[in-house]
Amino acid sequence: MEKVLVTGGCGLIGQHICSGLLKKGFEVIAIDREESGYNEGKLHYSSVICSPTDKNAIAEVFEKNKINIVILAACTVDNDLGPIVTEEQMQESASVDKFIFRYAFTDENVKMVMLLSTDQVYQFPKSREPIREDSDLKPVTNYAVMKYKSEKEIVSEVSRHKDKICCIIRFSPVYTLNFTDNLIAKITDPKDGSNFVYGQGQYGFQMCCVHNLVDFILCYVKNADSTSYTGIYNVGDRLLTTAADIITFMREKHRLGAVMQKQPAGTFSKLKGIFSANKDEKTNYRYLDFAKIENNNMLDNTKARKLVNFRWDIHNTK
């Protein structure tokens, strides 16, 4: 039975990862700053509650266990960080990364390291071409800058430890049946908090059902058997989630107040300089930029689909 260490393992995303791993026959150790109650009565699962900066506690985990796979889900929005990412959190993430990466890449038992990053590291495209793993990068938000630093740190380690299988996952904002914060943000005016839609809502956003993310991780840890699998993978739903989809989903599965119908988003293409300059976008992970709302940009996840079929979307999420 292989042993997997999941940092941030008690958060929303971390719990789903741990649950999937347990079902696939792995032994799981979760590290997080807060207990979730998830481990009650579960076989082959244990959790270590400590600050991500507690080097002694984390070192003890590596020294007392033969860890085979490390999945880094800590310092991830929707897992254990709120939507506002501060400078202090960015600094903490950087210090934690260096410490854990050093253990993960020098421990002879560890064969695989996976980092959860974000699609926000990409430069906002000027066309509607799909965003590929080799597309231009330009992290602007605090969260994107933080994750890009983590990516560079892990790439540096890979260059020195070529025997390790390493995966960087750039995924879109997540949702589940009951976690809808990222969906609601796409139909919420950040200025006054009102719900709105342009026209009939037939414009879309790249989202990622948590179950698609977990399916990819499970397929990767099962099938990536050589360093040829090392690389960056885009992970997201196969199709865009439209504003109309979000409104219908919220009305059928949850509650949704009045939704104001506004003029088509095309009107705002002339005002991009005004809207995109909002300083709130830098710190607020969920900030909705009106200048980008009509672009309908998709992640090209062709590379990831060689390992898994992304079968979940807003219509069948659980």
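This is a predicted model: local features need pLDDT of at least 70, side-chain atom pairs count only at pLDDT 80 or more; totals for chains, interfaces and linings use all residues.
The lining of the second largest cavity draws at least two residues from each of α3 and α4. The largest share, four residues, comes from α3. Helices here are DSSP runs of H or I with at least four residues, strands are runs of E with at least two, and both are numbered from the N terminus. A cavity is a set of points on a 1 Å grid over the protein atoms alone where a 1.4 Å probe fits but cannot get out, and lining residues have an atom within 4 Å of a point.

Residues are numbered from 1 along each chain as its sequence is written, and side-chain values use heavy atoms, with hydrogens and water left out.

The second largest cavity holds about 70 Å³ of space, a volume being the space filled by probe spheres set on grid points joined across faces, edges and corners. Its lining includes Ser 93, Val 96, Asp 97 and Ile 100, together with Lys 147 and Ser 150. By class, this lining has six nonpolar, three polar and two charged residues. Ala, Val, Leu, Ile, Met, Phe, Trp, Tyr, Cys and Pro count as nonpolar, Asp, Glu, Lys and Arg as charged, and the others, Gly among them, as polar.

Let us turn to helix α3 itself. How far apart are the end C-alpha atoms of α3? They are 29 Å apart, which agrees with the 28 Å that its 20 residues should span at 1.5 Å a residue, because the expected span is 1.5 Å times one less than the number of residues.

The largest cavity has about 100 Å³ of space. Of its 14 lining residues, Gly 8, Ile 31, Asp 32, Pro 52 and Ala 74 lie nearest its centre. Here β2 and α3 each supply at least two residues.

Finally, the pockets: a pocket is an open set with protein on both sides within 12 Å along at least five of seven lines. Closest to its centre, among 31 lining residues, are Asp 119, Gln 120, Phe 124, Glu 281 and Lys 292.
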